[in-house]
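Please find below a note on the two-chain structure shown here. The points proceed from the make-up of each chain to individual residues.

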Amino acid sequence: MVRSEPVRVSRRSTLMPNNLTRFAVGGLVALFALLIPLATALAHPHVFVDAKAELVFDTQGRLTGIRHVWTFDPAFSAFAVQGLDKNHDGKLSADELAPLAKTNVTSLNRYSFFTILTIDGKKMPLKFPDVYFLRWQGNHLTLFYQLPLKQPAAVQQKATLEVYDPEYFVAFTFDKDPVTLFQAPPGCHAEYHPPKPIDAHIMAELAAIPIDQHDLPPALRDAAVGLANIITTECTGS
Amino acid sequence: MRNQLSKLVFRVAPLLIATAVSVGRSGAAWAVSTPFGIATPDSSGPAFTGPLGGLFAWVALRQAEFYKALEGSLLDLRGSSHAFALLAGVSFLYGVFHAVGPGHGKAVITSYLLVSRQTVRRGIVIAFAAALMQGLVAIAVVLLAAVVLHATAVQMTHATDWFEILSYALVTGVGAWLLWSKVVRRGHHHASDAQHRNHIDHHGHAHDHGDHAHPRDHDHGHGHAHHHHGDKQCDCGHSHVPDPRMLKKPLSVSRAWAATLAVGIRPCSGAIIILVFALSQNLLIAGIASVFAMSLGTFITVSALATLAVTAKDVALRFVGFESGNAERVMQVVEIGGAVLVLLLGLTLLGGALQGGLPA
């Protein structure tokens, strides 16, 4: 086995002229060594949701709730329903899926359902879903649920619905028929605005926020809106 | 100087611990909080932004793409003859990118290497063992929980949350152990600065020899033979296991195991999801192959980072000059800093994971 003897003398002779400079440069490089273990941490999506939203109005033309239809990607769907086919008939009945649906909405509650509703500039408080269920179709699991407004509210000018996960664990896309209006008064129409292309630097700052911290620092809040799927409903009145 | 230092650390340590626990509490409850109540996100705790923030964001975006591609290639597996190669390749890349982003593995392993004065080669072995173990744990969890016990996703998530807590507790333990050995034991054992400088000197050269392929146990024996006298003094000049005290009692090896276990015992939720998905498609073997490919990717990243960290430390020592007292100071900063880092990381992660109570 070949082992060479250390050759240290030649290395230290000409590189740096004085000890202080060496100490400074060495210290910096040492700091860099310590930064390697520190450099870290981005959540990244393990759940991809193909979403649709429906805005529900009552007979007096007030907005009463939001219906979400969230279809999960095949891998997450398969994971979610693992072990739920209790009678082993190869089908997932509504009963078999009911406990999972409850777990889903209970957990989503802590994330405010990734949903922000603003009517005429005012943020509207939402209640816990009054209807929720899961359906299995093909190789996808779909979560249906309805978020009622605390107080039904008329839309004078504009309702804005934002759906997004600022911490990017859940990736939302609204592809086909992103939005429908149910019983909307005449003169209302909805429009879907996709998220702006993600600025990598902003995303890094957002992702650095712990996943269950829901109140973003104000400076980041505006930036985060760029990630949102935004559905606007404008009513001209009648 | 060292006694003063250990006093200082004893005074500061409780403060650090309190800070870390409160950070963990105010921060995320990773183990118990997840948007759909299943599949706890992978996280490595306190995040680092700044100049590299953009790079990490880019990595997260790429990783999302690889994850989607991975899903797609599993679905295509029966239709296409190239799909298996595609699956393996995509899984590998997913592992590479996964280790850059979340996953506390690289933080623990690189810090451990810096603090314990391990060689690059030892680091690569540890990174390999940890990545392999991580894959094996994911496979074992899915085989046992899904195939044998027909467990639900909620139950599986609870099970992996327990592994997570165990892992974070081990990280904390390894951090405390490293700090203890660096501050307390070092204070007792050092005879003179001159001796120590001598040691540093040799350490700095350890990596020049790191590429020689001699078997590990030979190494070990070699260390033994040269180190038993005079504690730190060694005239062999190519110590690969530079902390001789650890060799007297085989602490070095058990600590390496502890670090490996701390990292390897926590399965990544991406791997679990992919395995269950593969199982549901009757493609379990492909799923297992995919997980091994991910492990290989993780291993490549972590060993690259470990090499970079150890090399940077050695370069730092070269700049400082091995024979100056400054080398000693730089080493102390790196080693105690690294030990504190592992301890804080462990406490923060543990605090976060335990925040909402223990999983069911």
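1. Chain A contains six helices and 11 strands. Helices (H or I, at least four residues) and strands (E, at least two) are taken as DSSP runs and numbered from the N terminus. The model is a predicted one, in which local features need pLDDT of at least 70 and side-chain atom pairs count only at pLDDT 80 or more, while totals for chains, interfaces and linings use all residues. Residues are numbered from 1 along each chain as its sequence is written, chains are lettered from A and ligands numbered from 1 in the order in which they are written, and side-chain values use heavy atoms, with hydrogens and water left out.

2. Of the 238 residues in chain A, 47% are buried. Here buried means under 20% relative accessible area, exposed over 50%, and partly exposed in between (1.4 Å probe, protein chains only). The accessible surface of chain A is about 11600 Å², with 57% belonging to carbon and sulfur atoms. Such areas come from the Shrake-Rupley method with a 1.4 Å probe; for residues, only the protein chains shown count as cover.

3. Within chain A, 72% of the contacts between residues at least 6 apart in sequence join residues at least 24 apart. A contact means heavy atoms within 4.5 Å.

4. Chain B has 13 helices and zero strands, and its pattern along the sequence reads α-α-α-α-α-α-α-α-α-α-α-α-α. Of its 360 residues, 62% count as buried. The accessible surface of chain B is about 12900 Å², and carbon and sulfur atoms supply 69% of that area. Among the contacts in chain B with a separation of 6 or more, 83% come from residues 24 or more positions apart.

5. Over all chains, the structure holds one disulfide, a disulfide being a pair of cysteine sulfur atoms within 2.5 Å. The partners are A:Cys188 and A:Cys235, with sulfur atoms 1.9 Å apart. This pair links distant parts of the chain, 47 residues apart: A:Cys188 is in strand 10 (residues 188-193) of chain A and A:Cys235 in strand 11 (residues 229-235) of chain A. The torsion about the S-S bond of A:Cys188 and A:Cys235 is about 110 degrees, so the disulfide is right-handed. Both A:Cys188 and A:Cys235 are buried. In chain B, B:Cys268 is buried, at a relative accessible area of 7%.

6. The second largest pocket has a volume of about 450 Å³. A pocket is an open set of points on a 1 Å grid over the protein atoms alone, where a 1.4 Å probe fits, with protein on both sides within 12 Å along at least five of seven lines; lining residues have an atom within 4 Å of a point. Its lining comprises 15 residues, with A:Val81, A:Gln82, A:Gly83, A:Asp85 and B:Ser280 nearest the centre of the pocket. By class, the lining has seven nonpolar, seven polar and one charged residues. Ala, Val, Leu, Ile, Met, Phe, Trp, Tyr, Cys and Pro count as nonpolar, Asp, Glu, Lys and Arg as charged, and the others, Gly among them, as polar.

7. A:Thr118 is located in strand 3 (residues 115-119) of chain A and counts as buried, at 17% relative accessibility. Leaving aside residues up to four places away in sequence, A:Thr118 touches A:Lys123, A:Lys158, A:Ala159, A:Thr160 and A:Glu162.

8. B:Gly89 belongs to helix 3 (residues 83-100) of chain B. At 31% relative accessibility, B:Gly89 counts as partly exposed. The C-alpha atoms of B:Gly89 and B:Leu178 are separated by 37 Å, the two residues being 89 residues apart along the chain.

Terms used. Grid points are joined across faces, edges and corners, and a volume is the space filled by probe spheres set on the points.
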